[in-house]
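The sequence and structure come first.

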Amino acid sequence: MMICKTNDEVELMRQSALLVSKTLTAVAQILKPGITTLSIDKMIGDFIGDHHASPSFLNYHGYPFNSCLSVNDVVVHGFPGKNELREGDIISVDIGVILNAWHGDHAYTFAIGDPGQAILQLIRVTKESLYKGIERAVAGNRVGDIGFAVQEHTEKKHGYGVVRELVGHGLGKNMHEDPQVPNYGKRGSGPKLKEGLVLAIEPMINLGKKEVYTEEDGWTVRTKDGKASVHFEHDVCVRKDKADILSDYSAIEKAEEANPHLVTTGKIVQPLT
Ligand code: MF3
Ligand code: CO
């Protein structure tokens, strides 16, 4: 069942989404080589609590941390730990909150130092594909139009692997609502999008092949070929002519540019294609 939100509800969801954006901005300010992912997770939990919200991932189907911190070949659901970030690592930071009973759930991938041109390009293209998917999230279109746009840009144009096992989703008073939003699909297929539907659109794109596996811990998803994977996620509300992006990357991107330990995709010297 797809649950469309009223305008007032969408404004509450915007507050939830923006709290995640704010938390991601705080993360962008502290990232540097030598920091442990467990300390990042602790900061995330404290930050969310200080803003009168709770981390929605904690205890979700038994998930044991505040956030998912996925380094290099970890696709999603990486456990924070005592491992220190190193120069050349990339990290997907995925955060969920419940604020005033409404969920926010979004993610950003950072590069700690220079991961090399190929991975920087993967980051740039994955972020671009998120916006190409969002462009299709308008009333009257179908869910498959979003996935088609993401897949065209990443798999068809750049030869990257689009993860099949994990998908975006509806968002509301529950973290996962209908519909599922795959990052692949056929144009004009799937459920029809209606105004007021809030979606978490989240391309998970591999540098190499699309195949992934889950570790013994039951959560950590890695690429089978051991190559890097990138993840970006926005919360968007379906509207008539243009989707309304409830989350916001602008402050995160500013903090990323200002942090001397982070390499941004703007620093790609020569785009490969
Ligand atoms: N953003 C992810 C999702 O949409 C993270 C949730 S997994 C959790 O599914 F278990 F950590 F909550
Ligand atoms: Co999500």
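How many cavities of 30 Å³ or more does the structure hold? I found one. A reminder to myself before going on: this is a predicted model.

**Entry: the cavity**

I looked up its volume, and the largest cavity comes to about 50 Å³. Next I listed what lines this cavity: Tyr108, Thr109, Phe110, Ala111, Ile123, Lys127, Glu256, Val263, Thr264 and Thr265. Two elements, strand E5 (102-112) and helix H3 (117-135), each give two or more residues to that lining. Strand E5 gives the most, with four residues. Sorted by class, I get five nonpolar, three polar and two charged residues in the lining.

**Entry: the metal site**

Then I turned to the cobalt ion (ligand 2). Which residues are its protein donors? They are Asp105 through OD, His169 through NE2, Glu202 through OE and Glu233 through OE, at 2.1 to 2.3 Å from the ion. Along the sequence, I wrote the spacing of these donor residues down as D-x63-H-x32-E-x30-E. Are histidine 169 and glutamate 233 buried or exposed? I find both of them buried.

**Entry: the geometry**

Why is the arrangement around the cobalt ion (ligand 2) irregular? I noted six donor atoms, and the angles they subtend run from 62 to 166°, so the arrangement counts as irregular.

Conventions: Residues are numbered from 1 along each chain as its sequence is written. Chains are lettered from A and ligands numbered from 1 in the order in which they are written. This is a predicted model: local features need pLDDT of at least 70, side-chain atom pairs count only at pLDDT 80 or more; totals for chains, interfaces and linings use all residues. Side-chain values use heavy atoms; hydrogens and water are left out. Donors are N, O and S atoms within 2.8 Å of the metal (3.2 Å for Na, K and Ca); water is not among the atoms, so sites may look incomplete. Four donors count as tetrahedral if all angles lie between 85 and 135 degrees; four count as square planar and six as octahedral if opposite donors are over 155 degrees apart and all others between 65 and 115; anything else is irregular. Buried means under 20% relative accessible area, exposed over 50%, partly exposed in between (1.4 Å probe, protein chains only). On a 1 Å grid over the protein atoms alone, a cavity is a set of points where a 1.4 Å probe fits but cannot get out, and a pocket is an open set with protein on both sides within 12 Å along at least five of seven lines; lining residues have an atom within 4 Å of a point. Grid points are joined across faces, edges and corners, and a volume is the space filled by probe spheres set on the points. Ala, Val, Leu, Ile, Met, Phe, Trp, Tyr, Cys and Pro count as nonpolar, Asp, Glu, Lys and Arg as charged, and the others, Gly among them, as polar.
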